[in-house]
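User: I would like to learn how to read salt bridges and a helix in a protein model. Can you take me through them step by step?

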Amino acid sequence: LQVGGVSISSSAGKFQSYVAMFSRQAAQGFSLVGRRFLSSGSQYDLAVIGGGPGGYVAAIKAAQLGLKTVCVERRGTLGGTCLNVGCIPSKSLLHNSHMYHLAKDDMAARGINVGSVSLDLDKMMAAKDKSVGQLTKGIEMLFKANKVDYVKGHGTLTGPTSLKVDLLEGGEQSIDAKNIMLATGSEVMSLPGIELDEEVIVSSTGALKLKQVPERLTVIGGGVIGLELGSVWSRLGSKVTVVEFMDSIGGLGIDAEVAKQFMALLKKQGMGFQMKTKVTGVEKTGSTVKVSTEAAAGGDSSSHESDVVLVCVGRRQFFDSLGLEAAGVQMDDSGRKIKVDENWRTNVPSIYAIGDIIHGPMLAHKAEDEGVLVSEYLATGKAPHMDYDCVPSVVYTTPEVAWVGKTEEMLKKEGVEYKKGKFVFGANSRAKANQEELGFVKVLADKKTDKLLGCHIINNIAGELIGEACLAIEYGAASEDLARVCHAHPTLSEALKGAAQYTAFGKAINSP
C-alpha cells in the first residue's frame, strides 16, 4: 500500500501511525486553501531587492497576502535612506532644533521665563540616533511577525527569476523566486569637481552628524533637503547661506506664490539666499572652505568663505551591481530610470520595479503605495492604480510647506481654466490663539466643474493638514464639497474650509 509515496507494511501499529501522519499533513494543507503556493522549482513567490520604505512595506504586504517572501537589503539595517539617513533623523533634528529656538527666542513673549538656554548637541544627536534605532528594529520585528525572510547583503540579478546575494557577513547566497521586485532607491550625488568628505564638505548624510555647530554654513541647492537641513543649523546658531541655480526655492512642483512667501519667511528667520547663482568651485583652504560662484546666466565670479558646505543638488537612482543587463531589464527614454508598464512590470515579465528608480516623484510614501499595489497584484491579480497627482509633498521646515495636485503655473501651461480661493491663517481663531499666524491655504478648482485640482499650504502643521485635501482630490470632490464639510472649531483645519469657501462661493465667512 502506498500513502503519500511511502510504502507501508501491513503491521496495524505502523499503518495507524502513518495514517495519523497523513491526516495531519492533509489538515495543514486544507488550512492553506485560498493561499498562493510556490511554482515548481521556485524558492520564493517574491524576492524584494531593497529594504527601504517601498521594499519593506511591499514585503510585509506580500507576506500578509500569503506569498512566501524574502527581502534583501545591503545596508544591514532596514528602512533605507529614509529611516537611516534621511526623513526620520532629519525630522528629529528639525523638531528638536525648533524646540531649542522656542525656548531661546519665543517663550518669553508667551509669558514663560525659562532663564538661560544652552545647547547640548551630543544629547540632541543621541535622541536622533535612538529614534532611528528603535524604528529599524521595529521593522525587523514586523518581518518576523509576518514571516518575511530577511537577507543582509547586496543583491544582484542573475536571471529573470534568480539573484545572488553577497552577504555582509561573508559568502554568497542564491535565491530563486517566481517574481522579483526592484526597490533599490537612490543615493546622494555631488556636483562635478566637488568631492564630499562628510566632514566639512558634506551631503545630507554628513549634515545629520556634524560634531559642532558651524559658524558659517553654505547650502548648495535650495530644494527640500537643503532648506530643511539649512533651517536646522540656522536655528542652532549657524549663519546659513543658500546658493540656488533657479530663481525660486522649494524644488520641482512648488507653487510660485507659495515659494515667494516661503523664502520671505526663511529670510526673516535669518537665512540668506543667492538666487540664480551657480557654484563653480568648492576648495578647502586651511580650516575653512572657499565657495566660488557666478551668475547662472554667466558673468563676473565671486567667492565667500564657509566653515561647512552642504551639497544638496539631487539624488541619483541606485543601480550599482544590480545586474539589470544580465536580466535584460530595459531603461526608459531618459536612460536614468527603469521602464515599467501600468502594473509596474518591466519588460521582463517576472521583474517589477517601484520607487525612486522609476518615473514619478522621488518620495518615500509614493514608493510605499507602489509596493503595496504590486504585492496585491501578485497575490490577487487585482489591477493596480495610482494617481501621482494625489501624492503630497511636504517641506518640514518651520513653517512647513505642503501641496498636492496642480500649481497655478501647471494649470496655465495646460490651458485649464481655474478658480482659486486663499485663506490666511491670520484670520483663523486657533492660529491667533496659538500666536502662529504665518502662512495661508490656497485651493484651486476647475472653473466650470468646481472639481478640486490642487491645494497649497504654509503653516506649522501643513504636512498634517494636507491629508484632507489629498482625500478630497483622490475621490474627485468639488471645492464646494470641502467647503460644506463640518470642521471642528477652533482648529487650524478651518483655514482649509475657508479657502474652499472662497473658491466655491467667491467669499469666505471669516475673511474679508
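Analyst: Asp149 is partly exposed, at a relative accessible area of 29%. Keep in mind that this is a predicted model.

User: Which side chain does Asp149 meet in a salt bridge?

Analyst: First the general idea: side chains of opposite charge can pair when their charged atoms come close. Here Asp149 pairs with Lys68, at 4.0 Å from N to O. Lys68 lies in the loop between helix H2 and strand S4, and Asp149 in strand S5, so the pair ties together parts 81 residues apart in sequence. Lys68 is partly exposed too, with a relative accessible area of 41%.

User: How many salt bridges does the structure hold?

Analyst: There are 22. One of them joins Glu257 and Lys422, at 2.6 Å from N to O. Glu257 is in helix H8 and Lys422 in strand S21, so this pair ties together parts that are 165 residues apart in sequence. Both residues also belong to a network of salt bridges with Asp255, Glu408, Lys420 and Lys442.

User: Now the helix. Is H15 largely enclosed or open?

Analyst: A general point on helices: an α-helix has 3.6 residues a turn, so residues three or four places apart point the same way. In H15, nine of the 12 residues are buried, so this helix is largely enclosed by the rest of the structure. Among the buried ones are Leu496, Ala499 and Thr503.

User: What covers the buried residues of H15?

Analyst: The cover includes strands S21, S22 and S23, and helices H12, H13 and H14. Just after H15, Gly506 takes a positive phi of about 85 degrees.

Key
Residues are numbered from 1 along each chain as its sequence is written. This is a predicted model: local features need pLDDT of at least 70, side-chain atom pairs count only at pLDDT 80 or more; totals for chains, interfaces and linings use all residues. Side-chain values use heavy atoms; hydrogens and water are left out. Buried means under 20% relative accessible area, exposed over 50%, partly exposed in between (1.4 Å probe, protein chains only). Helices (H or I, at least four residues) and strands (E, at least two) are DSSP runs, numbered from the N terminus. Contact means heavy atoms within 4.5 Å.
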